[in-house]
Amino acid sequence: MPTAFRVAMALCISLFAGSANAQSMPKEVATRAEIYPIPSLTLSDQQFLSGDTAAGKPVTVAGEFRVAQGTGKLPVVVLMHGSSGVGATTEAWVHAFNAMGISTFVIDGFTGRGLTVVGPNQALLGRLNLIVDIYRSLEILAKHPRVDPDHIVLMGFSRGGQATLYASLDRFNKLWNKSGVQFAAYIPFYPDCSTTYVGDAEVAARPIRIFHGTPDDYNPVTSCKAFVERLKAAGRDVVLTEYPDSAHGFDSGLLGVSAVAVSANAQTVRNCKIKEGDGGVLMNGDTNAAFTYKDACVELNPHVGGNPTTAAESRKAVMEFLQALFKLG
């Protein structure tokens with residue numbers, strides 16, 4: 001028996017002894033939790049863009065799979081964290097989805113790499129690396145006996161929202177997605193849309209639903225509006241929902257957070273124009289030199305904070321979207 005499988009089985013937690021007991025529990029409580037090791041790679045952006053698997057450093061990250069109450073194969077939402085790792089807000093989303101009868105798979109792309117936070121030094125991990133973790137997670141879920149492989153949705157936040165958005169690219173799926181299935185939809189929250197990749201208007205024929213805040217000065221909504229217009233012009237199914245008075249991380253309002261504060265020393269590329277150049281090199285659009293986080297366009301101290309009102313509105317919108325997509329009663 002492979003070591004990775006033994007680890008997964010050893011960490012598998014049965015929350016309830018039987019279905020009768022599960023039925024008496026609140027709907028947001030999962031019937032079972034399983035912790036999976038995810039064999040992945042740590043790559044530079046250039047290695048990712050060129051499909052260079054040989055140069056990547058093998059790494060094992062992890063994912064927590066919570067099986068919602070119900071029987072048979074269930075839909076799943078995969079959640080990808082941002083620059084601060086898996087946080088408390090993720091739990092609020094997990095409870096919301098589990099209450100709907102939707103299982104969840106939360107990826108931790110940091111701990112296995114020895115990372116906790118990358119906001120003050122985004123160069124610690126390639127911008128596209130989390131997409132590899134996402135596709136490797138899809139391989140696990142596609143084979144799981146309690147998962148409907150046609151009903152797996154990807155959702156991510158900030159850096160994870162960026163990964164969610166660009167995981168939809170046909171090109172990236174062909175390079176890195178070996179699962180044999182596609183996500184049923186993509187739901188990025190406040191992603192960074194400042195980078196232009198070759199062929200990035202060619203995305204999977206699946207819905208993309210972006211949620212963003214008007215005053216976001218970490219990942220400004222303006223660049224996402226421009227990308228959305230390009231996708232619409234290409235005939236893609238994409239919708240951007242924009243909320244006023246909603247800073248970066250506004251869905252922390254699901255936890256009652258209403259204050260907005262400076263994310264001290266966090267790096268933002270809000271004034272950068274990044275584009276993919278020859279050989280998969282990311283270029284600074286203003287200087288035409290290779291982009292680095294030491295470039296003059298990289299700034300510090302963006303704001304983050306919650307808005308309980310728009311957090312609740314976005315949760316309602318996402319739940320209604322999933323109800324329709326999965327045809328839930």
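Which helix and which strand each supply at least two residues of the lining of the largest cavity? I looked this up before anything else. They are H6 and strand E12 (267–268). I take helices (H or I, at least four residues) and strands (E, at least two) as DSSP runs, numbered from the N terminus.

**Ground rules.** I am working on a predicted model, where local features need pLDDT of at least 70, side-chain atom pairs count only at pLDDT 80 or more, and totals for chains, interfaces and linings use all residues. Residues are numbered from 1 along each chain as its sequence is written, and side-chain values use heavy atoms, with hydrogens and water left out.

**The cavity.** My search ran on a 1 Å grid over the protein atoms alone: a cavity is a set of points where a 1.4 Å probe fits but cannot get out, a pocket is an open set with protein on both sides within 12 Å along at least five of seven lines, and lining residues have an atom within 4 Å of a point. Grid points are joined across faces, edges and corners, and a volume is the space filled by probe spheres set on the points. I got one cavity of 30 Å³ or more. The largest cavity holds about 150 Å³. It has 13 lining residues, with Gln122, Arg127, Gln162, Asp192 and Asn219 closest to its centre. I sorted the lining into three nonpolar, seven polar and three charged residues. My classes: Ala, Val, Leu, Ile, Met, Phe, Trp, Tyr, Cys and Pro are nonpolar, Asp, Glu, Lys and Arg are charged, and the others, Gly among them, are polar.

**Helix H6.** Next I checked burial (buried is under 20% relative accessible area, exposed over 50%, partly exposed in between; 1.4 Å probe, protein chains only). Eight of the eight residues of H6 (residues 159–166) are buried, so the helix is largely enclosed by the rest of the structure. Gln162 is one of these buried residues, and Gln162 also turned up among those closest to the cavity centre.

**Arg159.** I then picked Arg159, which sits in H6 and is buried at a relative accessible area of 5%. Tyr36 is 123 residues from Arg159 along the chain, and their C-alpha atoms are 22 Å apart.

The largest pocket came out at about 580 Å³. I counted 31 lining residues, with Ser84, Tyr190, His248, Gly249 and Val304 nearest its centre. Helix H4 (88–99) and strand E16 (303–305) are the elements giving two or more residues to that lining, and H4 gives the most, with four. The lining splits into 15 nonpolar, 15 polar and one charged. The second largest pocket has about 310 Å³. Its 15 lining residues include Ser44, Asp45, Leu282, Phe291 and Tyr293, the closest to its centre.

**Whole protein.** I noted nine helices and 16 strands. Buried residues make up 53% of the 329. Of contacts between residues at least 6 apart in sequence, 78% join residues at least 24 apart. The C-alpha atoms fill a box of roughly 65 × 45 × 40 Å along the principal axes.

Technical notes
Contact means heavy atoms within 4.5 Å.
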